[in-house]
Amino acid sequence: MTFEAMSAQRDALLAAAHARDMRVVGDLTLNHCGVGHEWFRDARDYPTSRERGFFYWDDEAYSPHGYASWFGFPSLPKLNWADPELRRRMLDGVVRRWLERGLDGWRVDGANMGAPPGLYAADHEVARAPRQPPGRALRPPGDPTIRHT
């Protein structure tokens, strides 16, 4: 199926749901992707790629596959939320884009599990991103103007 066909189906689903006063909520997994995702393929195949920083790499610590994965499943490489470009792409390019296309909200899967213990935690950033208007810059963690609700 082409992207255009999927887009038409998505638009029809959203229109039909909204016409019946129903809301459509997406399931958002922010802590890992699949090994087939283009970011992971680029990071794995090209060590100097920008996407390399999107994942945790260490041949010794994460053997036998050389990267951190979700619950040790090599097919689910864990995302590195300390990388600002990953945060921008995920929050602006995924979360907000789908809201702008008509999705009514998100069920966030494992939002408190975005980083290994002691590393950057994106919990508050992920929670507030969908509430900010499109195009508004994300504020850094600890910004005193942020209200956590």
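Modeller: What follows takes the fold, the backbone, the charged pairs and the rings in turn. Keep in mind that this is a predicted model.

Biologist: Let us begin with the fold. How many helices and strands are there in the protein, and in what order do the elements run from the N terminus on?

Modeller: The protein has four helices and two strands. Starting at the N terminus, the order is α-β-α-α-β-α.

Biologist: Next, the backbone. What should I look for in phi?

Modeller: Most residues other than glycine have a negative phi.

Biologist: Where is Asp-21 placed, and is Asp-21 buried or exposed?

Modeller: Asp-21 is in the loop between helix 1 (3–19) and strand 1 (25–29). With a relative accessible area of 63%, Asp-21 is exposed, because the cut-off for that class is over 50%.

Biologist: And where does Phe-71 lie?

Modeller: Phe-71 lies in the loop between helix 2 (38–45) and helix 3 (84–100). Its relative accessible area is 64%, so Phe-71 counts as exposed too.

Biologist: Now the charged pairs. What is the idea, and how many salt bridges does the structure hold?

Modeller: Side chains of opposite charge can pair when their charged atoms come close. The structure holds nine salt bridges. One of them joins Arg-88 and Glu-85, whose closest N and O atoms are 2.7 Å apart.

Biologist: Why can Arg-88 and Glu-85 be reached from one another along helix 3?

Modeller: They are three residues apart in helix 3, so about one helical turn separates them. Arg-88 is partly exposed, at 41% relative accessibility, whereas Glu-85 is buried, at 18%.

Biologist: Leaving aside neighbours within four places in sequence, which residues does Glu-85 contact?

Modeller: With those neighbours set aside, Glu-85 is in contact with Arg-50 and Phe-54.

Biologist: What about Asp-92 and Arg-96?

Modeller: Asp-92 and Arg-96 form a salt bridge, with the closest N and O atoms 2.2 Å apart. Being four residues apart in helix 3, they are separated by about one helical turn. Asp-92 is partly exposed, with a relative accessible area of 31%, while Arg-96 is buried, at 3%.

Biologist: That leaves the rings. How many aromatic pairs are found, and how do I read the geometry of one?

Modeller: Look at the distance between ring centres and the angle between planes; planes over 60 degrees apart count as edge-to-face. A search of the whole structure finds seven aromatic pairs. In the pair of Phe-40 and Tyr-67, the centres are 4.9 Å apart and the planes are at 65 degrees, so the pair is edge-to-face. Phe-40 lies in helix 2 and Tyr-67 in the loop between helix 2 and helix 3, so the pair ties together parts that are 27 residues apart in sequence. Both Phe-40 and Tyr-67 are buried.

Biologist: How do the rings of Trp-57 and Tyr-67 pair?

Modeller: Their centres are 5.7 Å apart and their planes are at 65 degrees, so this pair is edge-to-face. Trp-57 is partly exposed, with a relative accessible area of 24%, whereas Tyr-67 is buried, at 9%. Ring pairs link Phe-40, Phe-55, Trp-57 and Tyr-67 into a cluster.

Biologist: Which charged residues sit over a ring?

Modeller: Among them, Arg-52 lies over the face of Trp-57, 3.9 Å from the ring centre. The charged end of Arg-101 sits over the ring of Trp-98, at 5.0 Å from its centre.

Key
Residues numbered from 1 in each chain as written. Predicted model: local features only at pLDDT ≥ 70, side-chain atom pairs only at ≥ 80, totals over all residues. Heavy atoms only, no water. Buried < 20%, exposed > 50% of the residue type's maximum accessible area, 1.4 Å probe, protein only. Salt bridge = Lys/Arg side-chain N within 4 Å of Asp/Glu carboxyl O. Contact = heavy atoms within 4.5 Å. Phe/Tyr/Trp six-rings, centres within 6.5 Å; stacked < 30°, edge-to-face > 60°. Lys NZ or Arg CZ within 6 Å of the ring centre and 35° of its normal.
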